[in-house]
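Me: Could we go through this model together and check each label against its cut-off?
Reply: Gladly; have a look at it first.

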Amino acid sequence: MSVNRQRKSRRNLQFILPDGRIIIVGGRAQFNYEFYHGNSQGSSSSSHKAVWLNFLRETRDDDENNLYPFVHLLPNGNLFIFANSRSVVFDYKQNRIIREFLAINGGDPRNYPSSGSLVLPPIDENRPLEPKVMLCGGASRNAFQLVKKGTFSRAASTCGCLKITDEQPT
């Protein structure tokens, strides 16, 4: 279940994990992730231990096109994280990137603030697990600067599909 509620602390609640914790990935000047734990009274408490994730620093640009990465839980328990124009499979239990994919064609940013959409289509449990993600839209790399000058560019009209288990996905 994806959670997209903003908190006042410049972070974004991202994803509820199978064990009930919420993993928070990124945010303004936040190149890390941390966990929140629910309790029986319905409130949350933080582990208050942010864990560095260099991938988020690497994907930052002048317009901060990686503020709130797209996050999806994969069938093997790892996370698929997409930030700016790049993506990885991340093992949050071991704090390591398992796989990094090529940047998307054209290199235009696709997640907030250049908001496109990324989905993990339904998986049929009766077939071999071959998770795919589909990414559509976003803005051109210079869209934010153009808006400051009163020029509004069209959103990207392209989509891409990535089969995560392919040996050499494109």
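Reply: Let us begin with a definition: a polar contact is a pair of N or O atoms within 3.5 Å; within protein, one must be able to donate a hydrogen and the other to accept it, and residues adjacent in sequence count only if both atoms are side-chain atoms. Keep in mind that this is a predicted model, where local features need pLDDT of at least 70 and side-chain atom pairs count only at pLDDT 80 or more, while totals for chains, interfaces and linings use all residues. Residues are numbered from 1 along each chain as its sequence is written, and side-chain values use heavy atoms, with hydrogens and water left out.

Me: What makes the approach of Asp91 to the backbone nitrogen of Lys93 a polar contact?
Reply: A polar atom of the Asp91 side chain lies 3.0 Å from that nitrogen, and the limit is 3.5 Å. The Asp91 side chain also reaches the backbone nitrogen of Gln94, at 3.1 Å.

Me: Why is Asp91 said to have no salt bridge?
Reply: A salt bridge needs a side-chain nitrogen of Lys or Arg within 4 Å of a carboxyl oxygen of Asp or Glu. The nearest side chain of opposite charge, Arg96, is 4.3 Å away, so Asp91 has none. Arg96 is still among the contacts of Asp91 beyond four places in sequence, together with Asn78 and Ile98; contact means heavy atoms within 4.5 Å.

Me: What makes strand 6 and strand 9 edge strands?
Reply: Their open sheet has the order 6-7-8-9, with antiparallel pairing. Strand 6 (70-73) and strand 9 (96-100) each have a single partner strand, so one side of each is left without a neighbour in the sheet.

Technical notes:
Buried < 20%, exposed > 50% of the residue type's maximum accessible area, 1.4 Å probe, protein only. Lys, Arg positive; Asp, Glu negative; His and termini not counted. Pairing = 2+ DSSP bridges. Helix = DSSP H or I, 4+ residues; strand = E, 2+ residues; numbered from the N terminus.
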